[in-house]
Amino acid sequence: MPDVTLLNIGRTITVAEGQTILSAALEAGVDYPHGCKAGRCGSCKSRLAEGQVDHLDHTRFALTAEDREAGLILACRAVPTTDANVAWLGQGRSPGRGQAADLVRT
Ligand code: FES
């Protein structure tokens, strides 16, 4: 089972065979930024600093081909096949720019 280090918090979690990084992180109690958990929103977009993942289906809105070429992944769709290091790009539950924008609109 691959070990995945979450660079944002310096913590390593073990990911079961066939499990996504997001699923393993949430099970471990990590406040990993996410939304749909289904490859549609892009909230879990992360940088794969090291290692390999199999990427499950997702929308192009959530992750573009350019994103993939730049080393970005969706944690909710990424099943690690080797040990890996990842860093999420979002803000977790603390208020981020997206949430602040939502507040302004309401
Ligand atoms: S949580 Fe929505 S794309 Fe991953």
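Asp-3 stands opposite Thr-14 in strand S2. The model is predicted: local features need pLDDT of at least 70, side-chain atom pairs count only at pLDDT 80 or more, and totals for chains, interfaces and linings use all residues. Residues are numbered from 1 along each chain as its sequence is written. The protein chain holds 3 helices and 7 strands; helices (H or I, at least four residues) and strands (E, at least two) are DSSP runs, numbered from the N terminus.

**Strands S1 and S2**

- S1 and S2 pair in the antiparallel sense over 4 bridges, where two strands pair if DSSP finds at least two bridges between them.
- Leu-6 has Arg-11 of S2 as its bridge partner.
- The hairpin of S1 and S2 has 4 residues between the strands, and Gly-10 in this hairpin takes a positive phi near 65 degrees.
- A residue is buried if 20 or more other C-beta atoms lie within 10 Å of its own, exposed if 12 or fewer, and partly exposed in between, with C-beta atoms placed from the backbone.

**The sheet**

- An open sheet of 5 strands runs in the order S2-S1-S7-S3-S5, with mixed pairing.
- S2 (11-14) and S5 stand at the edges with a single partner strand each, so one side of each is left without a neighbour in the sheet.
- On average, neighbouring strands of this sheet are turned by 35 degrees against each other, direction ignored; axes are lines fitted to C-alpha atoms, for helices over the stretch in contact, and angles run from 0 to 180 degrees between N-to-C directions.
- S1 and S7 pair in the parallel sense over 3 bridges, and the bridge partner of Val-4 in S7 is Ala-84.
- S3 (residues 45-50) pairs with S5 in the antiparallel sense over 3 bridges; Lys-45 has Leu-74 of S5 as its bridge partner.
- S3 and S7 pair in the antiparallel sense over 4 bridges, and Leu-48 has Val-86 of S7 as its bridge partner.

**The nonpolar core**

- In soluble globular proteins, nonpolar side chains tend to be buried together.
- The largest nonpolar core has 21 residues, of which Ile-21, Leu-74 and Ala-75 touch the most other members; such a core is a set of buried Ala, Val, Leu, Ile, Met, Phe, Trp, Tyr and Cys residues joined through C-beta atoms within 7 Å.
- At least two residues of this core come from each of strand S1 (3-6), helix H1 (21-27), strand S5 (72-74) and strand S7 (84-88).
- H1 gives the most to this core, with 4 residues.
- Neighbours within four places in sequence aside, Ile-21 is in contact with Val-4, Val-15, Ala-75, Ala-78, Pro-80 and Val-86; two residues are in contact if their C-beta atoms, placed from the backbone, lie within 7 Å.

**The chain as a whole**

- From the N terminus on, the elements run β-β-α-β-β-α-β-β-β-α.
- Of the 106 residues of the protein chain, 31% count as buried.
- Among contacts in the protein chain with a separation of 6 or more, 58% are accounted for by residues 24 or more positions apart.

**The position of Thr-64**

- Thr-64 has its place in the loop between strand S4 (53-55) and helix H2 (65-69).
- Thr-64 counts as partly exposed because it has 13 C-beta neighbours inside 10 Å.
- The C-alpha atoms of Thr-64 and Gly-42 are separated by 9.9 Å, and these residues are 22 residues apart along the chain.
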